[in-house]
2 protein chains.
Amino acid sequence: VEPFAPLVLQRPVIRLIDQTLLPHEERWRTISTVGELQEAIRALRVRGAPLLGIAGAAGMALAAETGDGGNASLARAAAAIGSTRPTAVELASGAAAALEAALEVADSAARLDCLWAFASRYIARRIEEDLRLARLGAELLPPGAAVLTHCNTGVLATGGIGTALGVIRVAWESGRLSHWYATETRPLLQGARLTAWELRQAGIPSSLLPDTAAASLIAAGNVHAVITGADRIAANGDTANKVGTYGLAAVAARHGVPFYIAAPTSTIDFACFVGASIPIEMRDPAEVGGFAEVRWSPAGVGAYNPAFDVTPAGLIAAIITEAGVAAAPYSVSLPGLRGMP
Amino acid sequence: VEPFAPLVLQRPVIRLIDQTLLPHEERWRTISTVGELQEAIRALRVRGAPLLGIAGAAGMALAAETGDGGNASLARAAAAIGSTRPTAVELASGAAAALEAALEVADSAARLDCLWAFASRYIARRIEEDLRLARLGAELLPPGAAVLTHCNTGVLATGGIGTALGVIRVAWESGRLSHWYATETRPLLQGARLTAWELRQAGIPSSLLPDTAAASLIAAGNVHAVITGADRIAANGDTANKVGTYGLAAVAARHGVPFYIAAPTSTIDFACFVGASIPIEMRDPAEVGGFAEVRWSPAGVGAYNPAFDVTPAGLIAAIITEAGVAAAPYSVSLPGLRGMP
């Protein structure tokens, strides 16, 4: 069977599954322009840092397809795509890498071919790198491990086997995993909707839990490792990821449970020296007072709604990448990973 | 104006506001029997440890009203009421105290009067003790304090001014409070529904936040104290409270932010030496996969859904009660509070 892909290239358009409607409805959307792509990114129809890298690269092919394909218009498109959401570094770097490849080709028809080919290679690299990352991560787990994940870090987040969920899958297939705990991940419930959708298909013994229940689960000794993805990793190892990650890492540290980040090296931003430099997206307060069409708060109540938080490097036992497993001090180990500049 | 009361005695029945329907609908229910009361307690139509104490006492009046009022039937009723939910000690102790008072009265008509009078005094004591607790708690806050609360600990939880929310109200009235942050409190959203309902009426500058966002808010230095209620306090100070409390306390400790428990002395259970002895209620997994009529998880996904967790005494800066403020070591300070046995 062809593996599931949440974003598919169908030159001259791309098609993506609308992740805001999962798990109840599997609706595909056709995206023909950079503007449509930006709308889909802002609304989280396509999300997950590595998948946003694919979206960024594919968006450049759309830009060339619908514009004049000149240097100026492609540079404008890369800037527009890269600034659609602020925290995940791969959205901007995926678009920038595609732009760089295109600028090396002078002929406009060849440039168009180049951009579609670049997006296609980007997807293929994602799939290959995820698998390498997952194998390296699974080796870190003790036999019979119960693992806790946060948010969604599977195929829906990367286009490959996933980062943290990729580790879970490989660990399960190799007999190392006993149980998979998944937080629901308020406010947008990526865990309860997307991870649960993936875990039901995976057939791994698993439980969903309210974000609030993770601390007592860890305190009870029922979790042997916590693994999350990352939206941006600073040069010193501080890591921005889905809001709630920092609290999980803090509780894991109190109980001596290793907390791992699983992310491709493309998530490392060497231009960000420390976590405090990572821009954190603030989202609509309306996301807090309800979900979808349901409102459970009284109208007019204000809300604090950051999409991400930053986990200090000191709480991270290791950063698992496709190029190797990095440990503290990260300012030394991250640049030392294979293939790093 | 008469202050709002979530549970009202109207001999021969009691009336309570259905908290599962707030904030959208203010529906009152008439409760005529112990069985109806148990259903309301299990479904959380009436909740909050101190208010469950009132419910326990009032339930004994219903038992006498609808039964023969004899020693055996009243003892059975007290046992039934006390075991309806396991964690909050006041549900059982409120019923047991009412039983004890009734057993001192031989005449059955006088016994009925005694039980209604006992419930009425229990409510009056709640109101008076909450106010004393709130004043003691407000004095602990620095001027201009921003305070984070969890779950609902206001009038809907106690029948008085509230515990943690009582502290907030008195601090606001005395000019000490700058901002009130309230977690939404998944899975049943007591913060987003009930606390938000109370905070909108209070006119205090306030923000709701996903439970996941509390850690980064604390890390950013925007919270000067975290105050929660309690469902049961062990003799050593370990405290069971709404799930998620432990995680908040752990993060507050990392950042030197004081974490306070605000609870009446009736919440202390000297028969429980340590937190590990407190029974923790596990609730329906269905609460995790959605809310009210909305399902956001795929069907058939399992869930871990404890209603409470235990915060170790070492993370608690002080326990604020109506009888004084206790600090570590709690095994000494709690029995030393005014009026303790």
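Before going on, the ground rules. This is a predicted model, in which local features need pLDDT of at least 70 and side-chain atom pairs count only at pLDDT 80 or more, while totals for chains, interfaces and linings use all residues. Residues are numbered from 1 along each chain as its sequence is written, chains are lettered from A and ligands numbered from 1 in the order in which they are written, and side-chain values use heavy atoms, with hydrogens and water left out.

A:P187 belongs to the loop between β5 (177-183) and α8 (190-202).

Now the whole of chain A. It contains 11 helices and 16 strands. Its radius of gyration, taken over C-alpha atoms, is 19 Å, close to the 20 Å that the globule rule (2.2 Å times the number of residues to the power 0.38) gives for 341 residues, so chain A is as compact as a globular protein of that length. Along the principal axes, the C-alpha trace spans about 60 × 50 × 45 Å.

How many of the residues are buried? Of the 341 residues of chain A, 62% are, where buried means under 20% relative accessible area, exposed means over 50%, and partly exposed is in between, with a 1.4 Å probe and protein chains only. A contact means heavy atoms within 4.5 Å. Among contacts in chain A with a separation of 6 or more, 75% are between residues 24 or more positions apart.

Next, the two chains together. The contact takes 50 residues from chain A and 50 residues from chain B. The size of an interface is often given as the accessible area lost when the parts come together. Here the buried area, that is, the accessible area (1.4 Å probe) lost by the two parts and summed over both, is about 4000 Å², with carbon and sulfur atoms giving 68%. On the chain A side, A:T212, A:W296 and A:Y304 lose the most area to chain B, together 19% of what that side buries.

Moving into chain B, where is B:M60? The residue lies in helix α2 (residues 49-66). B:M60 is buried, at a relative accessible area of 0%. B:L74 is 14 residues from B:M60 in sequence, and their C-alpha atoms are 7.1 Å apart.

Helix α10 of chain B (residues 245-254) has eight of its 10 residues buried, so it is largely enclosed by the rest of the structure. Among the buried ones are B:Y246, B:L248 and B:V251. After α10(B) comes B:G256, with a positive phi near 65 degrees.

Last, an alanine in each chain. A:A292 is not a glycine, yet its phi is positive, about 50 degrees. A:A292 falls in the loop between β12 (290-291) and β13 (294-295) of chain A. Is A:A292 buried or exposed? At 55% relative accessibility, A:A292 is exposed. B:A292 also has a positive phi of about 50 degrees, and is exposed at 53%.

Terms used:
Helix = DSSP H or I, 4+ residues; strand = E, 2+ residues; numbered from the N terminus.
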